[in-house]
Amino acid sequence: MLFSQVIGQQEIKAKLRNLVEHNRLSHALLVQAPEGAGGLPLALAFSQYIVCDRVSERSFGNDFPAESCGICPACIKASQMIHPDIHYSYPVVSKKPGDKPVSADFIADWREFISLFPYGNIFDWLQFIQQAEDGKKDINPQDYKPGNKQGNITAHECHEINRKLSLKSFESGYKILIMWMPEYLGNEGNRLLKLIEEPPADTLFLLVSENESLILPTILSRVQIIRLPRPSVSEIQDALVSRSGVAPEQARQLAAVCEQNYREALNQLQHAQDDWQGLLREWLNAILKTGPVAQVKWVDEISRIGREKQKQFLQYFIHLLEQAIRLRMMDREAEDLPETEKDFANRLNKTTDLAAQQAIVKELNKSIYFIERNAHAKMLFHALTIRLYHILAAREEAVLT
Ligand SMILES: [Zn+2]
């Protein structure tokens, strides 16, 4: 991967180049990046930059190259993820009870996953390998019914890392280990401490995390941390246009609601055809007008769509409520909102007051939090329906058709 394939992050890229140019590369870096900010793509681009023949042999004039050349044998191997001096560790699952998986068992899936979903998260990855195993690769991982296997970076993997990094480098002079999601190391990570503290010469640990508070403190204290900011709204918008061929107007709308999370933007793009408004109208009608039978039917329906979509639906509702609050506050036309959303937001303003809207947003956020933690969907949506009823019933004349 090239630096130019990583969205935004210009400052961090310059900083990394600078470390290489001035030989100030430490032996253990942690790239801490929120979901959808591009931590893994950046680590891949950086590792290619380090091994690139042009960069590592310093075979250029006075200007230190800002980018790996992309065409030397080292770059080609790095981009295909077959460079013998770049190793990868990532969480994996047992294929059958009692086996002792290591990351390399899944390397073919890993390469394919990176090429398809470089901004994917751990959930996407675990779905992906589960699907590969079940022979159902044609489904978008975000839509795949989750198996409940937890990923792990295992004790055996730690043993493998120790073994691989004690070998001499094959080609580049540098040996690099990219570890994605060190959050999944557990106490096994303590097996790596000695290696991280006193690594063999020319070894680089490149850890990539989303949540550094879940990393073993013993590891955290031994690495230099590089924190990635989220890409800007306009960077995401440009990326949607140039990478996915999204029309500028739609890209602008997606970028505006994805909370600067590129994975989320792609996710919403994937489901742009979903009729969230229709589903929402049905729900509000069941709550306010048609009553318990319709509510049960609606809860059954939403319980079947999978938790990623449930989250998206709730996020969409929050988005509409935020638009409604914005319209109310600014007391003028929101010119950048699509007609149907503006219409819906205006109707929300007629039927609910500000306090109710804020209370609903709070409930929806709480529900998203619980969905992410595997709450039982039916119970959650039943409880949420009742809470919304109590919030909304305060306004008896509510009409939402
Ligand atoms: Zn190169």
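Q: At what angle do helix α15 and helix α17 pack, and how far apart are their axes?
A: In this predicted model, α15 (residues 307-330) and α17 (residues 354-372) pack at about 160°, with axes 10 Å apart. Axes are lines fitted to C-alpha atoms over the stretch in contact, and angles run from 0 to 180 degrees between N-to-C directions. Helices are DSSP runs of H or I with at least four residues, numbered from the N terminus.

Q: Why are α15 and α17 called roughly antiparallel?
A: Angles over 145 degrees count as roughly antiparallel. The angle here is about 160°, so α15 and α17 are roughly antiparallel to each other.

Q: Which hand does the crossing of α15 and α17 have?
A: It is left-handed. That term applies if the near helix is turned anticlockwise from the far one by less than a right angle.

Q: What makes the contact between α15 and α17?
A: On α15, the residues include Leu-314, Phe-317, Ile-318 and Leu-321. On α17, they include Ile-360, Val-361, Leu-364 and Ile-368. Two residues are in contact if their C-beta atoms, placed from the backbone, lie within 7 Å.

Q: How do the residues of that contact divide by class?
A: There are 12 nonpolar, five polar and three charged. Ala, Val, Leu, Ile, Met, Phe, Trp, Tyr, Cys and Pro count as nonpolar; Asp, Glu, Lys and Arg as charged; the others, Gly among them, as polar.

Q: What makes α13 and α14 roughly antiparallel?
A: The axes of α13 (residues 276-290) and α14 (residues 292-303) cross at roughly 160° and come within 8 Å. The two helices are therefore roughly antiparallel to each other. Their crossing is left-handed.

Q: Which residues of α13 and α14 meet?
A: Glu-282, Trp-283, Ala-286, Ile-287 and Thr-290 of α13 meet Ala-294, Gln-295 and Trp-298 of α14. By class, this contact has five nonpolar, two polar and one charged residues.

Q: Where do the domain bounds lie?
A: Domain 1 is 3-227, domain 2 is 233-270 and domain 3 is 276-392. These bounds come from an automatic or database domain assignment. The C-alpha centres of domain 2 and domain 3 lie 23 Å apart.

Q: What share of the chain counts as buried?
A: Of the 401 residues, 36% do. A buried residue has 20 or more other C-beta atoms within 10 Å of its own C-beta, with C-beta atoms placed from the backbone.

Q: How are residues numbered, and which pLDDT limits apply?
A: Residues are numbered from 1 along each chain as its sequence is written. Local features need pLDDT of at least 70, and side-chain atom pairs count only at pLDDT 80 or more, while totals for chains, interfaces and linings use all residues.

Notes:
Angles under 35 degrees count as roughly parallel, over 145 as roughly antiparallel, 65 to 115 as roughly perpendicular and the rest as oblique. A residue is buried if 20 or more other C-beta atoms lie within 10 Å of its own, exposed if 12 or fewer, and partly exposed in between; C-beta atoms are placed from the backbone.
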